[in-house]
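Please keep the sequence and the structure in view while reading.

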Amino acid sequence: MEPTTTIRSFIEDYIRKQGYTLQYFADISGVNAGTLSAIIKGTRPIAMAQLDLITKGMKLEEGHFYEIYGAECFVESAPHWRRLEPFLQRCAELDKLECIQRVIQQVTDDRSYISELFEMAEGMLERGQKKAARMLYECVAECEKYQHSERLALCQYRIFILSLGQDQHENLRAAVHFEPYINRLDEERQLDAIKDLANTYSALQYWDKVFDLGEELEQKTTFLQSYKKRKSEVQRIAAYPIFAYSAYSNLIRAAACDGRQEYPEALRYTEAYSKLTRIEQPNDEELLFINKFNGWAKVNHYLYRLMMGDYEVIPPYIAFIEKNEAEILPALVKIMEAANNHNMDIDSVLDTFDPYISRYGETYGDMGSYTEQITNGRYLQFLKELTIYQFERQRYTNGFQHLLECLELAEKMKSESIILQCVGLFERHRVRASLEIKNKYKTLIEEVYSNYEKKNSFDHTLV
């Protein structure tokens, strides 16, 4: 049944109300008069390019008719790919996600377009249209959910990456959901997937899981390195040179040992990945990774000695990280931990990096090679350690200021462990808090409790 108001009726009414002739509107819109006549009569479908020209000619915003167009062309009638593809692409460009969702729900019933939708999602991802790409990946995954296909695994991998954000609960859920699909991926893509999964669990501080993934990455890399020697002509699929993943496997395990406070072991894995970068006659790409790992090895060597209480490494450690802004925050976190564990005075370090700390507090996000998830997790940890440091030195005004900032960010990231630590710190020093601080704390805690209640209520509906 035809909708009561169609695009062609809108066009016809507009031309009549404006007092235009068909030829005049054809001239101002740029659509051929014969084509325009056929569209209004309903004897010719409207192409996306023509719809955009007509919309502009009517002085309406881009995409004004997309909801009606989607209903007319793809919901109320059988969709054709040559019309569906440009429609989805234009919706992605204009961020009309609801139009995409409505149409692909209809397409899901007809699985003949699944391959095309997957390829389109890949293109959208490359162009940075992440939300639209995720919708298409989810559509493809839904259609293939009963199949053990590599395409399904790749969709789940893309969805996992696109799902990561500040909410630690959602990140954990995404990681657990994706993990069973890793072994269905192409063997080289498995390397990237394991590395990305390890980074996610590292931000969540699941150190045993991180270590196990480092072990798995080493095993798969060793196998692929022997395979590549036999098949040197095979084109690389992995994002990095294969040797880099062997180095990453040791870097990952070093990070896990650091998290478990096993610093001598962390130093051993650090030495291991620094040796793996000794390649004869490296090409430009290999040299880039060699320099990265050598830099990480040097900075982490200082770091693990610092965590064992060696105060003397702080000056060279600081001198090294000052040259690389992306390494400042990770270093500050560890310096704060070392200071609290070994009763070190690091006021001069805080003074040196105060402008950076203040700026970062206003601009969360990616830092160099570190993802937003990892970076925000580190800043949260830094605030917690800084709070402890200030309280230990009886600087209660600064301590409470940092504690409230830490609690607010922990609530945004749904980090229950940090929230509990903040509560413990506040209650331990409550007697030193001003009335204003107590009121701010009360407001934040009420928000935390309210969101916790909502989450539990929602979770119970899923049982």
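## Basis for describing the packing

The model discussed here is predicted.

## Confidence

The protein chain has a mean pLDDT of 88, and 92% of its residues reach 70 or more.

## Helix 14 and helix 15

Helix 14, spanning residues 242–259, packs with helix 15, spanning residues 263–275, at an angle of about 165°, and their axes lie 8 Å apart. Helix 14 and helix 15 are therefore roughly antiparallel, and their crossing is left-handed.

On the helix 14 side the contact involves A247, N250, L251, R253, A254, C257 and D258, which meet Y263, E265, A266, Y269, T270, A272 and Y273 of helix 15. By class, this contact of helix 14 with helix 15 has 9 nonpolar, 2 polar and 3 charged residues.

## Helix 21 and helix 23

Helix 21 (residues 372–392) and helix 23 (residues 416–429) pack with their axes 11 Å apart and at an angle of about 15°, so helix 21 and helix 23 are roughly parallel to each other. Their crossing is left-handed.

Helix 21 contributes L380, Q381, K384, T387, I388 and F391 to the contact, while helix 23 contributes I418, Q421, L425 and H429. The residues of this contact of helix 21 with helix 23 comprise 5 nonpolar, 4 polar and 1 charged.

Conventions
Residues numbered from 1 in each chain as written. Predicted model: local features only at pLDDT ≥ 70, side-chain atom pairs only at ≥ 80, totals over all residues. Heavy atoms only, no water. pLDDT = per-residue confidence, 0-100. Axes fitted to C-alpha atoms, helices over the stretch in contact; angles between N-to-C directions. Helix = DSSP H or I, 4+ residues; strand = E, 2+ residues; numbered from the N terminus. Parallel < 35°, antiparallel > 145°, perpendicular 65-115°, else oblique. Left-handed = near helix turned anticlockwise from the far one by under 90°. Contact = heavy atoms within 4.5 Å. Nonpolar A, V, L, I, M, F, W, Y, C, P; charged D, E, K, R; others polar.
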